[in-house]
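Please examine the sequence and the model before reading each solution.

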Amino acid sequence: AGMNPLAIYGWPFRVARMLFRLVQQLIRRVGVIAKSVRFAYEGLLVFPTRFCAKLGLAGDLLLTPVALVWMFWPLHVPIYMGQYSLFFSAGPMAGMLCLRGFVLVKSNFRTGGGARLKRD
């Protein structure tokens with residue numbers, strides 16, 4: 001019982017299939033991590049929003065700088081680093097955070113600390 005000569009031609013396909021499965025698993029894991037990071041980062045705005053909702057006018061005044069920092073911090077990075085070309089990525093990121101922050105504040109400000117987080 002010798003070696004099948006056709007098996008030599010099949011090993012690159014087996015290796016490619018194994019690599020494809022590994023990459024697929026890696027992408028899934030990165031997705032799970034990204035989702036949990038997003039959830040945690042949104043919590044940095046949701047929890048102060050709910051707290052400030054209970055304070056009335058003082059909460060409005062307190063939430064304004066918190067929300068602005070949460071939304072626009074990416075614009076500080078190019079200035080701090082002195083790499084102004086980073087504005088090409090920081091600008092769109094700040095824009096996306098503004099849109100997401102608007103949704104989070106709007107859906108959580110009047111709930112005033114209910115049991116569940118409203119994310120959409």
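**Exercise 1.** State which residues line the largest pocket of this predicted model, and characterise the lining by class and by helix.

*Solution.* 
Step 1. The lining of the largest pocket consists of Arg38, Tyr41, Glu42, Trp70, Met93, Met96, Leu97 and Arg100.
Step 2. The space in this pocket amounts to about 180 Å³.
Step 3. Sorted by class, the lining holds 5 nonpolar and 3 charged residues, with no polar ones.
Step 4. At least two lining residues come from each of α1 (5–53) and α4 (87–108). The most is given by α4, with 4 residues.

**Exercise 2.** Classify the packing of α1 against α4 and describe the contact.

*Solution.* 
Step 1. Two packed helices are described by the angle between their axes and the distance between the axes.
Step 2. The axes of α1 and α4 come within 9 Å, crossing at roughly 45 degrees. Therefore α1 is oblique to α4.
Step 3. The crossing in which α1 passes α4 is right-handed.
Step 4. On the α1 side the contact is made by Arg38, Tyr41, Glu42, Leu45, Val46, Thr49 and Arg50, and on the α4 side by Leu97, Arg100, Gly101, Leu104, Val105 and Asn108.
Step 5. This contact of α1 with α4 comprises 6 nonpolar, 3 polar and 4 charged residues.
Step 6. Arg38, Tyr41, Glu42, Leu97 and Arg100 belong to this contact and also to the pocket lining.

**Exercise 3.** Are α1 and α2 roughly parallel or roughly antiparallel, and which residues meet?

*Solution.* 
Step 1. An angle of about 170 degrees separates the directions of α1 and α2, and their axes are 9 Å apart. The two helices are therefore roughly antiparallel to each other.
Step 2. Tyr41, Glu42, Leu44, Leu45, Pro48, Thr49, Phe51 and Cys52 of α1 meet Gly59, Leu62, Leu63, Val66, Ala67 and Trp70 of α2.
Step 3. The contact of α1 with α2 contains 11 nonpolar, 2 polar and 1 charged residues.

Methods: Residues are numbered from 1 along each chain as its sequence is written. This is a predicted model: local features need pLDDT of at least 70, side-chain atom pairs count only at pLDDT 80 or more; totals for chains, interfaces and linings use all residues. Side-chain values use heavy atoms; hydrogens and water are left out. On a 1 Å grid over the protein atoms alone, a cavity is a set of points where a 1.4 Å probe fits but cannot get out, and a pocket is an open set with protein on both sides within 12 Å along at least five of seven lines; lining residues have an atom within 4 Å of a point. Grid points are joined across faces, edges and corners, and a volume is the space filled by probe spheres set on the points. Ala, Val, Leu, Ile, Met, Phe, Trp, Tyr, Cys and Pro count as nonpolar, Asp, Glu, Lys and Arg as charged, and the others, Gly among them, as polar. Axes are lines fitted to C-alpha atoms, for helices over the stretch in contact, and angles run from 0 to 180 degrees between N-to-C directions. Angles under 35 degrees count as roughly parallel, over 145 as roughly antiparallel, 65 to 115 as roughly perpendicular and the rest as oblique. A crossing is left-handed if the near helix is turned anticlockwise from the far one by less than a right angle, and right-handed if clockwise. Contact means heavy atoms within 4.5 Å.
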